[in-house]
Amino acid sequence: MKGIKRFWFMAMLCMSLTMPALSGAAEAPAAKPAPAAKPAVVLTSQDCAKCHTSEPADIAAAGAKHKNVGCTDCHTGHRPSSKNNIPQCSMCHSGSPHYKLPSCNGCHKNPHRPLEIQFGNKVTDPCLTCHTEQIKQLKANPSKHTALFCSTCHNVHGKIPACTQCHKPHHPQQTAAECKKCHKAHQPTAVTYGSDLPNKDCMGCHKKAYDLLAATATKHKSVPCVSCHKAKHKMIPKCQDCHGTPHAASMMSKFSKCGDCHSTAHDLNRFEQKAAPAAPAQGKKKK
């Protein structure tokens, strides 16, 4: 009997010791799940346009290659979280001396219209980073143009001015478009012309020769100026280049120059009879 009582006593004791732990485990609240991470907000160009209306309009009208990028490709942040959301041009533009120039916005005033370039009246060095061939021509053929600033003529980027903006035409009928038949702006004194240049274009500078040629009754009247003066401007050809040596050597030995008999090529075979020199006055007889 004592053994049965002792067994129940020990059983009750064990139950009393374990019950608080069991009851506590049953009443403990379940752990709350961790809150789901909020998706990152990704702005689009359409979002930017809700506040910034002029910039997208500029890009659409004259953005050039900037049309191919979104607002956030350049403006990677926004105030106040970003202290400076104006990007540097060097983020995208590199690999050329032109991109190393300081102060890009000195010429490119509006990055949303990047090719609308404005600059002052005394600009040369920035131009040379792209237009190297032109400066080579100016230096190799010195003229008054060599001393000018690029912006003297090209006061708007990409503008090719008419020569008549500064220079008078050679003759009243000459148009500005005809100047480039003979003159290149960056080497104006290196005069070149094609085989189809009309005589009237030569007349502007060589009016006397033109008038004489127009009045002659010889075949030279129908010969274009550039047929004889074709190798180089101001080149005087030899008559033999076309006519060979038509006279015997005995005659040529007496008259070494064709002009001795034929006058000039522009006024062929026209001779003015020279007046005989006046006889010297006879002195008074001495008494």
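Residues are numbered from 1 along each chain as its sequence is written. Because the model is predicted, local features need pLDDT of at least 70 and side-chain atom pairs count only at pLDDT 80 or more, whereas totals for chains, interfaces and linings use all residues, and side-chain values use heavy atoms, with hydrogens and water left out.

**Overview. The chain as a whole comes to 13 helices and 2 strands.** Helices (H or I, at least four residues) and strands (E, at least two) are DSSP runs, numbered from the N terminus. Of the 287 residues in the chain, 13% are buried, where buried means under 20% relative accessible area, exposed over 50%, and partly exposed in between (1.4 Å probe, protein chains only). The chain exposes about 23,400 Å², of which carbon and sulfur atoms supply 62%; these areas come from the Shrake-Rupley method with a 1.4 Å probe, and for residues only the protein chains shown count as cover. Among contacts (heavy atoms within 4.5 Å) between residues at least 6 apart in sequence, 53% join residues at least 24 apart.

**View 1. Arg113 and Glu116 meet through their side chains in a salt bridge.** The pair is 3.0 Å apart, N to O, and is one of 8 salt bridges in the structure, a salt bridge being a side-chain nitrogen of Lys or Arg within 4 Å of a carboxyl oxygen of Asp or Glu. Both partners are partly exposed, Arg113 with a relative accessible area of 21% and Glu116 with 40% relative accessibility.

**View 2. Glu178 and Lys200 form a salt bridge, with 3.6 Å from N to O.** Glu178 lies in the loop between helix H7 (150-153) and helix H8 (199-203), while Lys200 lies in helix H8, so the pair ties together parts that are 22 residues apart in sequence. Glu178 is buried, with a relative accessible area of 16%, whereas Lys200 is partly exposed at 32%. Lys200 also forms a salt bridge with Asp201, in which the closest N and O atoms are 3.4 Å apart, and Asp201 counts as buried at 8% relative accessibility. Salt bridges that share partners join Glu178, Lys181, Lys200 and Asp201 into one network.

View 3. A polar atom of the Glu178 side chain lies 3.0 Å from the backbone nitrogen of Thr175.

**View 4. Cysteines are shown in a model for which the disulfide count comes to 0.** A disulfide is here a pair of cysteine sulfur atoms within 2.5 Å. The sulfur of Cys179 has its closest cysteine sulfur in Cys163, at 4.3 Å, which is too far for a bond, and Cys179 is buried, with a relative accessible area of 11%. Cys202 is likewise in no disulfide, since the nearest cysteine sulfur, that of Cys225, is 4.1 Å away. Cys202 counts as buried at 18% relative accessibility.

Terms used
Polar contact = N/O pair within 3.5 Å; in protein donor to acceptor, adjacent residues only side chain to side chain.
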